[in-house]
Amino acid sequence: MGGAEEDERSEEGPAPPPETDGDVTEGRKAGESGQGQPERNEEKKNADEALQKAEAKSRAILLEVLGDIPDADMKPPENVLFVCKLNPYTEDSDLEMIFSRFGKIESCQIIRDWKTGDSLQYAFIEFQEKKMAEDAYYKMDQVLVDDRRIHVDFSQSVAHHWSKFKKQGARGSREDAADLENRFGVSVSA
């Protein structure tokens with residue numbers, strides 16, 4: 001039954017695709033190129049990053065206005081290390097001696113409970129230069145100190161700026177007011 005017809009079809013190859021009205025070409029819609037998709041993804045990524053930066057800046061300015069941080073543009077110092085997971089018996093002088101091999105230390109302070117004076121098992125070490133802090137960061141992370149494997153990271157705290165801010169108070173000085181006027185166009189003079 002129709003053996004000859006089957007032979008003719010197999011020699012011709014597969015059946016041709018159905019006719020289209022020109023809207024679809026090689027799996028893409030008309031007017032759409034394969035190059036546009038990565039460009040749109042990159043644009044969307046850049047827009048998302050810009051939005052996140054704007055939101056972070058807005059939150060920082062709000063915290064500054066509320067008096068929670070001294071300055072919205074303040075960045076943590078690059079020469080200060082945060083050291084945690086310390087042994088409760090480790091002293092400031094011990095830590096300073098261990099880290100002094102990387103360079104001159106400006107300050108080394110283990111944070112203590114204000115009432116009991118017991119160590120809270122973390123510290124801040126301020127080096128004279130950024131390079132010294134980087135060397136200590138790379139070589140001292142996960143090192144055993146007083147039978148504890150310490151963790152070293154760069155400080156994210158801006159607490160050392162608070163001493164200046166506290167002296168001036170939340171209202172600040174005339175220079176701070178002039179700075180606000182210049183940055184935001186807001187007059188704060190009475």
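The legends below walk through several close-up views of a predicted model.

**Before you start: how to read the views.** In this predicted model, local features need pLDDT of at least 70 and side-chain atom pairs count only at pLDDT 80 or more, while totals for chains, interfaces and linings use all residues. Residues are numbered from 1 along each chain as its sequence is written, and side-chain values use heavy atoms, with hydrogens and water left out.

**View 1. The whole protein chain.** Let us begin with the overall layout. The protein chain holds 6 helices and 8 strands; these are DSSP runs numbered from the N terminus, with helices (H or I) of at least four residues and strands (E) of at least two. Along the sequence their order reads α-β-β-α-β-α-β-β-α-β-β-β-α-α. Of the 190 residues, 18% are buried (under 20% relative accessible area, with exposed over 50% and partly exposed in between, using a 1.4 Å probe and protein chains only). The accessible surface is about 14600 Å², and carbon and sulfur atoms supply 50% of that surface (Shrake-Rupley method, 1.4 Å probe; for residues, only the protein chains shown count as cover). Among contacts (heavy atoms within 4.5 Å) with a separation of 6 or more, 58% are between residues 24 or more positions apart.

**View 2. An open sheet of 4 strands.** Here the strands line up in the order S4-S5-S3-S8, with antiparallel pairing; two strands pair if DSSP finds at least two bridges between them. S4 and strand S8 (151–154) are the edge strands, each with a single partner, so one side of each has no neighbour in the sheet. On average, neighbouring strands are turned by 20 degrees against each other, direction ignored. Look next at S3 and strand S5 (residues 119–127): they run antiparallel and are joined by 5 bridges. Val83 stands opposite Ala123 in S5.

**View 3. Helices on the sheet.** Helix H3 lies across S3, S4, S5 and S8, and runs at about 140 degrees to S4. H4 packs on the sheet too, touching S3, S5 and S8, with its direction at about 150 degrees to that of S8. These angles run from 0 to 180 degrees between N-to-C directions, and the axes are lines fitted to C-alpha atoms, for helices over the stretch in contact.

**View 4. A salt bridge between Arg112 and Glu91.** The two side chains meet at 3.3 Å, N to O; a salt bridge is a side-chain nitrogen of Lys or Arg within 4 Å of a carboxyl oxygen of Asp or Glu. Arg112 belongs to strand S4 (residues 105–112) and Glu91 to the loop between strand S3 (80–84) and helix H3 (92–99), so the pair ties together parts 21 residues apart in sequence. Arg112 is partly exposed at 31% relative accessibility, and Glu91 is partly exposed at 39%.

View 5. Glu134 and Lys130 form a salt bridge at 3.9 Å, N to O. They are 4 residues apart in helix H4 (residues 130–140), a separation of about one helical turn. Glu78, Lys130 and Glu134 are linked in a network of salt bridges. In helix H4 you will also find Lys131 and Asp135, 4 residues apart, whose side chains meet at 3.1 Å, N to O.

**View 6. Two cysteines.** Cys84 is buried at 15% relative accessibility, and Cys108 is buried at 12%. The whole structure has 0 disulfides (pairs of cysteine sulfur atoms within 2.5 Å).
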